[in-house]
There are 2 protein chains.
Amino acid sequence: MEIAEELAKQQKAISVAEFFEKNRQILGFDSAPRAIITCVKEAVDNSLDACEEAGILPDVFVQIKRIGDYYKIIVEDNGPGIVAEEIPRVFAKMLYGSRFHTLRQSRGQQGIGISAAVLYAQLTSGKPARVTSKIGPDRPAINYELIINTAKNEPEILHEGESDWERPRGTRIELELEGTYVRSRRQSVFGYLKNVAVVNPHARITLVEPDGNIELFERATETAPRKAYAIQPHPAGTELGELIRLLRYTERKRLGVFLRETFSSIGPITTQEICKLANLGAERAPQSLTHEEAKRLLSTFKQIKVKSPPVDCLSPIGEGLIKTGLEKEFKLDFVATAIRPVSVFAGNPFLVEVGLGYGGELDKEGRADILRFANRVPLIYQQGACAITHAAENVPWKNYSCAQPPGNGLPTGPVVLMVHIASTNIPFTSESKDAIADLPEIITETELALKEVGRKLRRYLSRQSVLSERREKEEIIKKLLPRIADKLSEILGEDKPDITLVVAKIMGNLFVKRLYDQKDGFVSVKINLENHGEIIRSFKLHEVLSQEPYSVSLETKSMPIGDNYDCFWKISLKPGEGQQISYDVPSGTKFSETVIEGLESEVVTGARVI
Amino acid sequence: MEIAEELAKQQKAISVAEFFEKNRQILGFDSAPRAIITCVKEAVDNSLDACEEAGILPDVFVQIKRIGDYYKIIVEDNGPGIVAEEIPRVFAKMLYGSRFHTLRQSRGQQGIGISAAVLYAQLTSGKPARVTSKIGPDRPAINYELIINTAKNEPEILHEGESDWERPRGTRIELELEGTYVRSRRQSVFGYLKNVAVVNPHARITLVEPDGNIELFERATETAPRKAYAIQPHPAGTELGELIRLLRYTERKRLGVFLRETFSSIGPITTQEICKLANLGAERAPQSLTHEEAKRLLSTFKQIKVKSPPVDCLSPIGEGLIKTGLEKEFKLDFVATAIRPVSVFAGNPFLVEVGLGYGGELDKEGRADILRFANRVPLIYQQGACAITHAAENVPWKNYSCAQPPGNGLPTGPVVLMVHIASTNIPFTSESKDAIADLPEIITETELALKEVGRKLRRYLSRQSVLSERREKEEIIKKLLPRIADKLSEILGEDKPDITLVVAKIMGNLFVKRLYDQKDGFVSVKINLENHGEIIRSFKLHEVLSQEPYSVSLETKSMPIGDNYDCFWKISLKPGEGQQISYDVPSGTKFSETVIEGLESEVVTGARVI
């Protein structure tokens, strides 16, 4: 017998569940603390996806309990529920799901995550997963106890039943497993859920920790994020092999119809154009195209201008939320954000959003912190393996007034970065979804976004250094001038002059002075404004008064605040220009200090700046 | 209709080939340069594994050709071949192979790699893989053209035939694909194969590059590495869920037999002990055990001392090869190596071998370089994601006389590290097999091995600084003494003394002096040796002579080298001890300088040191 015949006896198919049983580290089960986090993450991601698809504001309950040598994890949601016949495969078959075959931004894409958690639980505790689900108020809750038959990658149902449940709809999963519960700022269930809450402010998440401590991440908005719609693949990202497969297995009878129905952004006119350019009849059977013809067809995709893929398959976080997210976690002096337009890698639309926070209580010496997100999911492991990190290391931070170690690398200093990649298909480096692969398109877009916030930071820092010089100058002037004024009035025997105007003139500031004239039963108020600077100054001037003013000189708006009135004027003054505001108020009216909004405090003399 | 019922329509099974079609970056196909490297890697790994299993010294031929827009990759070996009926599934079905279900060190473990290359080729060029294989001299070569039906993850045979082939046995695969061919030191086909050759010196590898350049990595030894034998799982690494599954599906009828046959390191006595301690009859049917009983059985595995797993499932590189490997790639002043004993993670035996190179032409300022290997395969991507890197970053290099950035990190300075992990199951972070997951056991063992070479480096460096002080001292003495000697001989009117002995005495060196006495037709040679140091000095003394010596005073060995004879003596001298060697040679014999081997040049006076 030949050696090869001996060796052939060992050849065998491997079930995907067996594969992951042996390689569970690929799924994010490489350590005891991480096992618990991964289980919670997979269940919560599923809950949020299901709620979003059904248009429900999510309310997710997470509990972790110590049970003997093991931990029990419970995750319950108010989502649409899962129909009884699908439950076993959704939870106990790997590579089964609803989101894989669809081009749309979603957290889960692979159809692996929750089954991986079930597998890990059964391997370590020997206990089945307990699933309860209810799809409508008039339906019973369905209960299952499930394990995965790893040799076959098929669910085994250990128990099946019905019960009452007070919820109208929802899903609950209970898993018992080996692990270690850790409480820390980032790599923990708490840290994970906190960051989930930041980028999913429409969700309410409750966490009950093993010691009984309850953390409630309350909903911050009643508005669900923009819904992501499913799209067809874009012709620009199609590869020859894929096109050949699509041609071969399509049910369409004619090439023209095939093109329109299979791809996004191809309408009847583009179809005609493509067929003509490729010299292929629109009536041809797609299955009849040769390798050469398919190649020709593909090259026309690249020649003609097909419009960009529709962007409604993506649901970005938005600049506002990124800013809020950063400010929620850190005390900062400055925040900049940037959103890149939608771009495409291998046919998948994606976009990059970034935020940069600076100063405040951030560590002045250490390496910059990065918060990474993909499709609204925080990435908390494998920072060093991620395209986001690599892009941030490529940026020449020294050009943006940041220190950077020799070669390249993350900037050092009081900087925190937040980067979100949204795509119909996040190219993770592994099934554990920790890190994004180094695709050139993603690295480039992320670099561009980071450079944009870098430029904003540089402007801020250079402005800061100008302002701090101004502050020093003004302090010196304010000390010196009164002494000179005192001396002068002494020598000349005159009254001491008001020096604030002089200071404003020297500093090139906006000068503000309020004058009162007590009349019979009322007070006439005048506010003089003079712009001594060399640029146009636009701002709002607020007066907070205990009574409503009348005979107001310029157009104003006034809003009651508590017992007071906030009156404000929008004003724009050219260099050297002055303006007077006047109004009357009844005698006895109380005044707060005049307030200027929209300018730096360093350039205003005679008023409070907010 | 409830929302869940709408959503249920989209639920669908995903074939593993579809999954990887969409997530090819997980398989190492994330960029055009890498695609070619990954294809070569998968094919070469398979060739080496097959040759090793069949006990054949591998001869692997790799050619890369430019064909229009695509590259053609050919990999051919002299391995055992593959039987005709297995070829389609081996090359065109993912999760199919002979090594997954076996506990033994091998390069391929997953049954994914080569099918992934076939998939990538068909996706990008639309062309099938061409496979030729022959299993014996009297058998025909079998030819296949194969693609993967991704929807089903099954091979589709486009062509099947027989042909002649001059090889007695072997396998050849041809793939056509999109990519970029890069030539560089590390991340390239050349760099990969060079490192493969370093740790597989029993293989001959030929590379023909697209420009026609031929690189031959010649075999450096005719000895195959130690063969790795398959073992059974070790009880210590077994988890409850796994034990329950094994009990449930075993064909054994009795618990005692089940234990002995299923696990390694469990003999009849241990079986009795386990059954007694767990209070379970050895005659019980394994299938009949309850969850509680299985738990009890498992806890006895941890209570009793089961002997360590057999180590013949592993095939380390060895300290010699690690040293050679480092010296082949770098000019170094110093190399240290360390091998850890076999350890276990989750039932998988593994061991760590490391090498550290220092000085020479390494960059004195940059970060240390790391060469990573897993089961004799070089890891060239994702360094930042790898447990090896993380372990190296954890080592407090400052304790070992190396610079290290604040916090922790790789040392900076002229340091190169080489780390090899051998295991029956390398826990990679993903199917692309770039990086090893952060398992605590692997990190700990790697750290221990690195600390060991770190200690050796520290000793070397501190010795170096002592030696450099000695050198300076000796240079001063050598300059001063002749002047003093000159002056003395002038004053005393005597001959100038030989000062080398004086230098040796002051420096505490080994003093070597060869004296000749020309006799009638022969020369009598005497070599005086004196150890003036404070420690025992053991060394070899070599004389290279053009004729064979006779009347040799001490036991010697002499070997002809070309036309000369290398005679050497093994000598050990206590502090203050002296020794004389004498021999005779015919007149006209040519002498080379006396050579000392095994001591630093700084402690020897009067001879050359190698």
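Predicted model: local features only at pLDDT ≥ 70, side-chain atom pairs only at ≥ 80, totals over all residues.

**Exercise 1. An open sheet in chain B**

Determine the strand order of the open sheet of 4 strands in chain B, and locate its edges.

Solution. 

Step 1. The order is S22-S18-S17-S24 in chain B, and the pairing is mixed.

Step 2. Strand S22 (578–586) and strand S24 (604–605) of chain B are the edge strands, since each pairs on one side only.

Step 3. Helix H14 (residues 500–507) of chain B packs on this sheet and touches strand S17 (510–518), S18 and S24 of chain B. The direction of H14 makes about 155 degrees with that of S17(B).

Step 4. Strand S18 (residues 522–531) of chain B runs antiparallel to S22(B), with 9 bridges joining the two. Within this pairing, B:Asn528 stands opposite B:Gln580, and B:Glu530 has B:Gly578 as its bridge partner.

Step 5. On the S17 side, S17(B) and S18(B) are likewise antiparallel, over 9 bridges.

Step 6. S17(B) and S18(B) make a hairpin with 3 residues between them, and B:Gly521 in the turn has a positive phi of about 85 degrees.

**Exercise 2. A helix pair in chain A**

Describe how helix H7 (residues 240–249) and helix H10 (residues 291–303) of chain A pack, and state which residues make the contact.

Solution. 

Step 1. Two values are needed, because packed helices are described by the angle between their axes and the distance between the axes.

Step 2. For H7(A) and H10(A) the angle is about 115 degrees, and the axes are 10 Å apart. Their crossing is right-handed.

Step 3. H7(A) contributes A:Leu240, A:Leu243, A:Ile244 and A:Leu247 to the contact. H10(A) contributes A:His291, A:Ala294, A:Lys295, A:Leu297, A:Leu298 and A:Phe301.

Step 4. Sorted by type, the residues of the contact of H7(A) with H10(A) are 8 nonpolar, 1 polar and 1 charged.

**Exercise 3. The interface between the chains**

Characterise the interface of chain B with chain A by its contacts, buried area and salt bridges.

Solution. 

Step 1. Chain B places 85 residues in contact with 85 residues of chain A.

Step 2. The two chains bury about 7000 Å² between them, with 53% of this area on carbon and sulfur atoms.

Step 3. On the chain B side, B:Ile14, B:Lys22 and B:Phe100 lose the most area to chain A, together 10% of what that side buries.

Step 4. The count of salt bridges between the chains is 10. A salt bridge joins the side chains of A:Glu2 and B:Arg169, at 3.1 Å from N to O.

Terms used
Residues numbered from 1 in each chain as written. Chains lettered and ligands numbered in written order. Heavy atoms only, no water. Pairing = 2+ DSSP bridges. Contact = heavy atoms within 4.5 Å. Axes fitted to C-alpha atoms, helices over the stretch in contact; angles between N-to-C directions. Left-handed = near helix turned anticlockwise from the far one by under 90°. Nonpolar A, V, L, I, M, F, W, Y, C, P; charged D, E, K, R; others polar. Buried area = accessible area lost by both parts, 1.4 Å probe. Salt bridge = Lys/Arg side-chain N within 4 Å of Asp/Glu carboxyl O.
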